[in-house]
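User: I have a model open and want to learn how to read it. Please take me through it feature by feature.

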Amino acid sequence: MARDFAADIADPIAREIVSNVGTWVDKEVKPQASEFEHADTYPDPLVKGMSDMGLFGIKIPEKYGGLDLSFECYAGVCIELARGWMSLAGIINTHVLVGYAISEYGTEAQKQAYLPRLVEPEIRCALSITEPDAGSDAQAIKTTARRDGDDYVINGQKMWVTNGHKAGVYLVMTKTDPAAEPRHKGITAFLVDHDVPGFIKGKKFEKLGYKGVETTELAFDDARVPATAVLGGKEGSGFQHIMSALEVGRINVSARGVGLAQSAFDDAIRYAQKRQAFGKPIIEHQAQQIRLAEMATKIRAARLLTLDAARKKDSGIRSDLDAGIAKLFSTEICQEVVLDALRIHGGVAYSKELPLERYYRDAPLMIIAEGTSDIQKIVIARSLVKDYPI
Ligand SMILES: Cc1cc2nc3c(=O)[nH]c(=O)nc-3n(C[C@H](O)[C@H](O)[C@H](O)COP(=O)(O)OP(=O)(O)OC[C@H]3O[C@@H](n4cnc5c(N)ncnc54)[C@H](O)[C@@H]3O)c2cc1C
C-alpha cells in the first residue's frame with residue numbers, strides 16, 4: 001500500500017479532496033500520461049476529468065460558482081496532478097493564477113463577466129508577460145497600450161505563453177506609460193478576450209518536455225480593447241497585481257517539483273527492490289539505501305515547505321518570501337531526485353518505455369518557469385533584508 005500523500009494536509013475537507021484527486025491520478029492519469037506526452041496531444045479526457053472534479057474553479061469564490069478552497073488544498077492537488085503528469089498541473093496553473101488576479105483585483109463588472117465562466121470547462125486563462133527581450137526583467141517589456149477615446153490600442157510581441165492557443169481570456173502585461181520612473185508605475189494589465197481583432201496567436205514552440213500543453217507566441221497589431229479591460233480599472237497597478245498573482249504560480253510550480261520528484265522516487269524504490277546485482281536486490285547495497293534516503297528526505301522537506309507557503313498565502317499576507325523559498329528548494333531538489341532515480345534504474349531509464357525519461361525532460365522547466373532559481377534567490381534576499389533593519 002502506497003503512502004497516503006494527503007496526510008500532511010491539515011484541513012480535513014482539503015485532505016479528502018487531495019486524496020480523491022490522488023486516486024483519480026493513479027487510475028486515470030498514470031496509465032495514459034506517457035502516451036499523451038509522446039504524441040504531444042492536448043489531453044482532452046484528462047482535462048475533462050479535472051473539470052468534472054471542479055478543479056478549474058478551485059480558487060474561484062463561491063459567490064461566482066467556484067469551490068473557493070484554500071491554497072493548501074490547491075497545493076496538495078497540484079502535487080498530486082504532477083505526480084501523474086506535470087503538464088496537467090501546468091494547464092491549471094495560469095488558469096488559477098488569472099482567476100485569482102480577477103478575484104483579488106478585478107472590478108465587480110470583471111468578476112461577474114469572467115469568474116462564473118472560468119468555472120466552466122470552455123474558458124481557460126493564459127498569462128502573458130514574457131517577450132523576446134524581457135523575461136526575468138519583466139519591467140523591460142515593450143508591448144504598449146495607448147489610450148484612444150474609450151478604448152486602448154495594444155501593440156507588441158509576446159512569447160512563451162502557456163495555454164496560448166486554447167485560452168479564452170489572456171491577462172496581458174503592457175506599458176501604458178513607457179517613460180514612467182520607476183518603471184513599474186507605467187505597467188498596466190489587461191484582460192484580453194481571445195477574439196479581439198488584431199490579437200494574433202503565433203507559432204507553438206516545440207519543447208524539450210512539458211508536452212500536451214501548448215506554449216506559444218502572441219502578437220498585438222493595433223488590437224483594440226475597451227478601457228473596461230484594464231484589470232481593476234486603473235492604469236499603473238499591473239505590475240503589483242501580476243507579481244501578487246505570481247506567488248500563486250510559484251506555489252503551483254513548487255508543488256509540481258514535489259509531485260514530479262515523488263513520482264520518480266516511487267518508481268525508483270520499487271525498482272531497487274526488484275532489480276538484482278551481485279546476487280542481491282540493489283536496495284540491499286548500502287550506497288542505494290543512502291541515495292534513496294537522501295531522495296526521500298529532500299522530497300519530504302520540499303512537500304512541507306510547499307504546504308507552508310500555501311498556508312501563508314491562505315492567511316492573506318504577501319508570501320513572496322515563503323513562496324520563493326518553497327519554489328527554489330522544491331524545483332532544485334526535483335532535478336536531483338529525478339537524476340538519482342535515473343541512476344537507480346541504470347540503462348533502462350534511458351528507454352521511452354518507462355516514464356523516467358519524461359520526468360528527466362520535464363524537471364528543468366521547474367527551475368525556469370515563474371522566475372528562475374537566480375530570481376527566486378533575489379526575491380528571497382530582498383524580502384529577508386526587510387526583516388533585518390539596521
Ligand atoms: C515552457 C515554458 C512555459 C512558459 N510559460 C510562460 C507563460 O505562460 N507566460 C509568460 O509570461 N512566460 C512564460 N514562460 C517564460 C518564463 O517565465 C521565462 O522563460 C523566465 O521568466 C525566464 O526568462 P527568460 O527566458 O527571458 O530568461 P532571462 O531573463 O534572459 O535569463 C537568462 C539567465 O539569466 C539569469 N538572470 C537574469 N537576470 C538575472 C539577475 N538579475 N541576476 C542573476 N541572474 C539573472 C537567469 O536566472 C537565467 O539563468 C515560459 C517559459 C517556458 C520555458
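User: Which residue in β3 does Thr 144 stand opposite?

Analyst: First, the ground rules. This is a predicted model: local features need pLDDT of at least 70, side-chain atom pairs count only at pLDDT 80 or more, and totals for chains, interfaces and linings use all residues. Residues are numbered from 1 along each chain as its sequence is written. Helices (H or I, at least four residues) and strands (E, at least two) are DSSP runs, numbered from the N terminus. Two strands pair if DSSP finds at least two bridges between them. Here, Thr 144 stands opposite Asn 155 in β3. Strand β2 (residues 144-148) pairs with β3 in the antiparallel sense, over five bridges. In their hairpin, two residues lie between the strands, and Gly 149 takes a positive phi near 65°.

User: In which sense do β3 and β7 pair, parallel or antiparallel?

Analyst: Antiparallel, over nine bridges, with β7 covering residues 215-226. Check two pairs on screen. Gly 156 has Phe 220 of β7 as its bridge partner. Gln 157 stands opposite Ala 219 in β7. Strand β6 (residues 199-204) also runs antiparallel to β7, joined by four bridges. There, Phe 199 stands opposite Phe 220.

User: Why does Leu 97 count as buried?

Analyst: Because it has 25 C-beta neighbours inside 10 Å. Leu 97 is in helix α5 (residues 86-105). Next, contacts: two residues are in contact if their C-beta atoms, placed from the backbone, lie within 7 Å. Not counting residues up to four places away in sequence, Leu 97 touches Leu 127, Ala 245, Val 248 and Gly 249.

User: What span should helix α4 have?

Analyst: The expected span is 1.5 Å times one less than the number of residues. For the 14 residues of α4 (residues 71-84) that gives 20 Å, and the end C-alpha atoms are 20 Å apart, which agrees. 14 of the 14 residues of α4 are buried, so the rest of the structure largely encloses this helix.

User: Which domains does the assignment give?

Analyst: Domain bounds come from an automatic or database domain assignment. The chain has domain 1 (12-119), domain 2 (125-236) and domain 3 (240-387). Between domains 1 and 2, 23 residues of domain 1 are in contact with 16 of domain 2. On the domain 1 side, α5 gives the most, with eleven residues.

User: Which residues are closest to the ligand?

Analyst: A residue is near a molecule if its C-beta atom, placed from the backbone, lies within 6 Å of it. The ligand has 21 residues around it; the closest are Gly 135, Ser 136, Thr 162, Thr 372 and Asp 374. β1 (125-128), β3 (151-162) and α11 (373-387) each supply at least two residues of that shell. Domain 2 and domain 3 each give at least three. By class, the shell has ten nonpolar, nine polar and two charged residues. Ala, Val, Leu, Ile, Met, Phe, Trp, Tyr, Cys and Pro count as nonpolar, Asp, Glu, Lys and Arg as charged, and the others, Gly among them, as polar.

Definitions and conventions:
A residue is buried if 20 or more other C-beta atoms lie within 10 Å of its own, exposed if 12 or fewer, and partly exposed in between; C-beta atoms are placed from the backbone.
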